[in-house]
Amino acid sequence: KFNLGVPLDTSDPTNNKVLMMYSRPDAVPSEINGEAGSLSTLPLISAENATENCDFMHIVLQDHSGNRRQCMAVFGQYEAFHIQKLMRLPENGRMDSNVP
């Protein structure tokens, strides 16, 4: 539906699923609005329905292959379109989960 300007990896069938987060209740799609707080599972809806009330949409592409223990934090701040990557790397440059 959306041309992101980069080729998407279609080798993994789960790459066609997206986790949507909405900043305001009136941005939530009408298909799930009103029941969103009572859902016990995430609903699967079309891209068209998921974005029907979005005036703006920010898209982040991230590896989800399962080879890394990744976390993503999204919080309110001045809109800067800058992504910071923090890693647990000691002096030797190798990943170490025990490094703060």
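Val18 is exposed in this predicted model, with a relative accessible area of 66% (exposed means over 50% and buried under 20%, with partly exposed in between, for a 1.4 Å probe and protein chains only). Val18 belongs to the segment before helix 1 (47-50), helices being DSSP runs of H or I of at least four residues and strands runs of E of at least two, numbered from the N terminus. The C-alpha atoms of Val18 and Leu44 are 9.1 Å apart in space, although 26 residues separate the pair in sequence. Residues are numbered from 1 along each chain as its sequence is written. Because the model is predicted, local features need pLDDT of at least 70 and side-chain atom pairs pLDDT 80 or more, while totals for chains, interfaces and linings use all residues; side-chain values use heavy atoms, without hydrogens and water.

Thr51, in the segment after helix 1, is buried at 14% relative accessibility. The Thr51 side chain lies 2.7 Å from the backbone oxygen of Ala47. Beyond neighbours within four places in sequence, Thr51 contacts Phe2, Met20 and Met57 (contact means heavy atoms within 4.5 Å).

Buried residues account for 7% of the 100 residues.

Technical notes: A polar contact is a pair of N or O atoms within 3.5 Å; within protein, one must be able to donate a hydrogen and the other to accept it, and residues adjacent in sequence count only if both atoms are side-chain atoms.
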